[in-house]
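This report covers a few local features of one model. Sequence and structure come first, then the details.

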Amino acid sequence: MNNSAPPPLLGGIEAGGTKFLCTVTHGYEHGFLAKARFDTGSDPAALLKQVVDWFLSTQQQFGRIAAIGVASFGPVEPDPRSERFGFITTTPKPGWQQTDLLGPLRAAFPDIRLGFDTDVNGAALGEARWGAAQGLEDFVYITVGTGIGGGGFSGGRLLHGLMHPEMGHLSIARLPGDDFPGVCPFHGHCWEGLCSGPAIAARAGMPVEQIPANHPVWDHVIHAMAQALVNITYVLSPRRIILGGSVRRAGLLGEDAFFEKLCSAVRKQLNNYLSHHTFGSPNIHNYIVPPALGDDAGLWGSIALAGGGGAPQRPGGREKADCR
């Protein structure tokens with residue numbers, strides 16, 4: 001009979017522009033013990049109270065939470081040396097500008113570890129530990145949904161730099177004759193302004209999930225998506241690009257057809273400039289892939305940020321998922 005105690009209980013929050021997903025677990029091999037979803041809305045104080053109350057209630061059911069990881073939409077302040085560590089900053093999300101995301105968690109759980117990073121870096125951690133990036137030191141994770149963001153690893157370290165990557169706001173050259181202004185309030189027709197879920201819906205005049213396979217909006221989306229992925233390939237030279245988020249399902253076009261068209265467009269835009277076998281057919285389908293963790297990549301990433309088996313930093317690497 002095995003009388004050993006279970007691993008510490010970890011909490012995770014995937015903070016998205018549409019919804020907050022919360023969970024508790026003893027680790028990946030144990031699965032999620034409980035999950036909850038809360039609409040993001042435009043009132044951070046009210047939402048964060050719901051989140052805190054949910055974690056307090058799970059403690060009563062499952063025991064003390066040892067750490068909570070937060071993988072958040074942004075822009076955010078991810079530097080633990082900053083006084084504004086854990087803040088959402090200049091987001092276009094109404095009501096969420098300059099929000100102290102970690103503050104209510106610190107107040108409710110003063111003695112536990114709090115990990116924090118972007119939602120896409122969180123998802124990248126999850127995929128590195130348990131998903132499509134296992135064994136890779138250089139890869140990029142992209143999410144395309146309510147917004148567009150990118151994170152990943154370079155040389156075995158999470159990408160940060162001055163703040164964190166903002167790949168979703170790459171400038172995009174549109175197809176000839178395209179006068180769609182885009183939906184990004186900062187840049188108009190940047191990648192997010194052209195290819196996020198709200199942008200596609202605005203251009204098509206219908207929700208993304210209802211857009212027919214032969215609708216011309218997909219030509220614009222595939223062109224812009226391929227251009228962005230080619231630029232990321234040129235700049236970062238990742239060994240794999242993992243493309244998550246709801247847009248990858250591509251309405252009535254479907255996920256398989258979307259990836260097929262996208263891979264073909266990437267090859268066309270590369271125009272044989274990069275001679276590596278990865279970019280040939282059919283190898284490119286192993287270069288641009290959906291997340292192996294599916295829609296749970298970000299949530300498992302938040303658990304990795306909490307300390308649940310995240311990919312290790314190399315010696316001298318900046319310590320992330322900082323604790324109090």
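How many bridges join strand 9 to strand 10, and do these strands run parallel or antiparallel? Two bridges join strand 9 to strand 10 (residues 157-158), and the strands run antiparallel.

## Basis

This is a predicted model: local features need pLDDT of at least 70, side-chain atom pairs count only at pLDDT 80 or more, and totals for chains, interfaces and linings use all residues. Residues are numbered from 1 along each chain as its sequence is written, and side-chain values use heavy atoms, with hydrogens and water left out.

Helices (H or I, at least four residues) and strands (E, at least two) are DSSP runs, numbered from the N terminus. Two strands pair if DSSP finds at least two bridges between them. Strand 8 (residues 139-144) pairs with strand 9 in the antiparallel sense, over six bridges. Three residues separate the two strands in a hairpin. Valine 140 has glycine 152 of strand 9 as its bridge partner.

Phenylalanine 153 is bridged to leucine 158 in strand 10. The hairpin of strand 9 and strand 10 has two residues between the strands, and glycine 155 takes a positive phi near 60° there. Six of the seven residues of strand 9 (residues 148-154) are buried, so the strand is largely enclosed by the rest of the structure. Buried means under 20% relative accessible area, exposed over 50%, partly exposed in between (1.4 Å probe, protein chains only).

## Helix 7

Helix 7 (residues 255-270) has 16 residues. At 1.5 Å a residue they should span 22 Å, and the end C-alpha atoms are 22 Å apart, which agrees. The expected span is 1.5 Å times one less than the number of residues. Among the buried residues are Phe258, Phe259, Leu262 and Val266. Seen down the axis, the buried residues of helix 7 fall within an arc of 165°, so they line one face. That arc is taken from the directions from the helix axis to the C-beta atoms.

Exposed Asp256 and Lys268 sit on the face turned away from the buried side. The cover over the buried residues includes helix 6 (217-236), strand 11 (241-244) and strand 12 (288-289). Asparagine 271 follows helix 7, with a positive phi near 55°.

Histidine 26 lies in the loop between strand 2 (19-25) and strand 3 (32-39). Histidine 26 is buried, at 17% relative accessible area. Its side chain reaches the backbone oxygen of proline 7 at 2.6 Å.

Lysine 49 is in helix 1 (residues 44-62). Lysine 49 counts as exposed, at 53% relative accessibility. A polar contact (a pair of N or O atoms within 3.5 Å; within protein, one must be able to donate a hydrogen and the other to accept it, and residues adjacent in sequence count only if both atoms are side-chain atoms) of 2.8 Å joins the side chains of lysine 49 and aspartate 53.

Notes
Contact = heavy atoms within 4.5 Å.
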